[in-house]
Amino acid sequence: MRTDAMTDEDIKSILAHNIASVRRRMAAACRRVGRPDDDVTLVAVTKYVANRIAQWLVNEGVHDLGESRPQELWRKADTVRGNVFWHLIGHLQRNKIDRTLPLTTLIHSVDSERLLIALNEWGRNNQRIVNVLIEANVSGESAKTGMIVTDVAALAKLMRSLEHVRLRGLMTMAALQDAEACRPTFRRLRQLKVELETQLATILDDLSMGMTNDFEVAIEEGATIVRLGSCLFEGLVEDDLKA
Ligand SMILES: *Cc1c(COP(=O)(O)O)cnc(C)c1O
């Protein structure tokens with residue numbers, strides 16, 4: 001049995017410290033490539049933690065939260081209070097669209113034409129525009145999720161016919177490796193965005209790329225959204241996070 005349990009106040013102060021440190025690192029990465037300090041949105045990934053920890057992140061001023069599983073997003077969105085924008089960063093099954101869409105600001109992980117068409121249908125039926133990113137597999141065999149690059153490039157025609165979906169950009173997950181080794185993946189995603197912009201004759205706002213291991217490199221390569229979990233919870237153990 002654990003005898004050194006942290007108090008809530010200890011946990012909150014570690015969270016505040018981690019958030020400040022991550023924001024400083026984000027700002028420094030922006031500055032290195034001549035971007036404004038606050039150019040990048042931090043999405044705090046809450047899949048590792050209990051509701052109350054997610055709530056404390058919001059209380060500390062982190063307003064964008066990400067979940068990879070729809071059911072977990074529903075559960076947290078039901079209890080976390082305040083000004084919160086929820087991001088779905090993992091696979092969305094079509095039978096979960098109805099419950100997920102009303103809660104979600106941005107779907108990062110659209111990985112098929114079928115899903116795009118289903119999201120458009122939901123948007124039409126509910127008089128809403130659905131904001132999406134296409135998840136692209138640009139790192140090759142090592143990534144298990146996302147659309148292959150040639151399929152992404154072929155989406156432009158379909159996108160033009162979907163009036164209730166707004167494509168805001170692209171998302172990717174780099175292979176889990178040394179941050180510098182992820183740079184070509186991030187660069188490739190940015191290129192792919194430019195190709196798509198040309199085809200669609202429109203500007204896409206967002207590149208969602210960068211996790212704990214590689215977010216500074218992702219920002220140097222143009223990320224507008226980073227999705228960070230582990231680095232926000234450093235110094236806390238499973239018992240603190242899940243309780
Ligand atoms: C878990 C997860 C993250 C956060 O990863 P960390 O390495 O803990 O920062 C980001 N994006 C996706 C899609 C995830 O599933």
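How many nonpolar, polar and charged residues does the lining of the second largest pocket have? This is a predicted model, in which local features need pLDDT of at least 70 and side-chain atom pairs count only at pLDDT 80 or more, while totals for chains, interfaces and linings use all residues. Residues are numbered from 1 along each chain as its sequence is written, and side-chain values use heavy atoms, with hydrogens and water left out.

To answer the question, the lining has seven nonpolar, one polar and five charged residues, where Ala, Val, Leu, Ile, Met, Phe, Trp, Tyr, Cys and Pro count as nonpolar, Asp, Glu, Lys and Arg as charged, and the others, Gly among them, as polar. A pocket here is an open set of points on a 1 Å grid over the protein atoms alone, where a 1.4 Å probe fits, with protein on both sides within 12 Å along at least five of seven lines, and lining residues have an atom within 4 Å of a point.

The volume of the second largest pocket is about 220 Å³, taken as the space filled by probe spheres set on the points. Select M159, V165, R166, L167 and T202, which are the closest to its centre among the 13 residues that line it. Then colour α7 (156-161) and β7 (165-171), the elements that give two or more residues to this lining; β7 gives the most, with four residues.

Next, go to the largest pocket, which holds about 350 Å³ of space and is lined by 19 residues, with K47, I89, M173, M211 and R227 nearest its centre. Its lining divides into seven nonpolar, eight polar and four charged residues.

The ligand sits in the largest pocket, in the sense that more than half of its atoms lie within 2 Å of the pocket's grid points. Finally, display the side chains of K47 and R227: an N or O atom of K47 is 2.6 Å from an oxygen atom of the ligand, and one of R227 is 2.9 Å from a ligand nitrogen atom.

Definitions and conventions: A polar contact is a pair of N or O atoms within 3.5 Å; within protein, one must be able to donate a hydrogen and the other to accept it, and residues adjacent in sequence count only if both atoms are side-chain atoms.
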